[in-house]
Amino acid sequence: MATTQECRAALDRLSDTMAGADGEVRAAAALDRTLSCHVTDLDVTFSGRLRDGRIEVLATRPGPPAEKAQLRLAMTGEDLVALVEGRLNFAKAWASGRVRLEASFRDLLRLRTLL
């Protein structure tokens, strides 16, 4: 089981990777949206913004998201770490229900390049 600190570090690594991307990936990450990532096995939520191609974690709180973010992720800590490390394919994890992503249809279309 991944710890809260390991999950936060995974989000920071993901942010760094997105910030260093170029082309279509950079364009897809250039959204300005509120974001939440609920780590289900730890029952902790990281909340913040996706802005300028980076994830800015602004708060960490126990339980599910307090407010409905524009981009909402939910998964276990192990799956979050595995996704960021490239050991878990997002599309397969999403299709199997291991990872939940909720967003507007328009945002999903833009984000498909990242996924």
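Predicted model: local features only at pLDDT ≥ 70, side-chain atom pairs only at ≥ 80, totals over all residues.
Entry on the strands. Strand β1 covers residues 33-39 and strand β4 covers residues 71-75; the two run parallel and are joined by five bridges.

Entry on the sheet. I then traced the strand order and read β3-β2-β1-β4-β5, an open sheet of five strands with mixed pairing. I noted β3 (54-62) and β5 (100-102) at the edges; each has a single partner strand, so one side of each has no neighbour in the sheet. From one strand to the next, I found that the twist averages 20°.

Entry on helices against the sheet. I checked α1 (residues 4-19) and found it packed on the sheet, where it touches β1, β2 (44-51) and β3. The direction of α1 makes about 165° with that of β3. I also checked α3 (residues 77-85), which lies across β1 and β4 and runs at about 110° to β4.

Entry on α1 itself. I compared its length with expectation: at 1.5 Å a residue, the 16 residues of α1 should span 22 Å, and the end C-alpha atoms are 23 Å apart, which agrees. I next looked up burial along α1. C7, A10, L11, S15 and M18 are buried in this helix. These residues cover an arc of only 140° around the axis, so they sit on the same side of α1. On the other side of α1, I recorded Q5 and T17 as exposed.

How values were computed:
Residues numbered from 1 in each chain as written. Heavy atoms only, no water. Pairing = 2+ DSSP bridges. Helix = DSSP H or I, 4+ residues; strand = E, 2+ residues; numbered from the N terminus. Axes fitted to C-alpha atoms, helices over the stretch in contact; angles between N-to-C directions. Contact = heavy atoms within 4.5 Å. Expected span 1.5 Å × (residues − 1). Buried < 20%, exposed > 50% of the residue type's maximum accessible area, 1.4 Å probe, protein only. Arc of directions from axis to C-beta.
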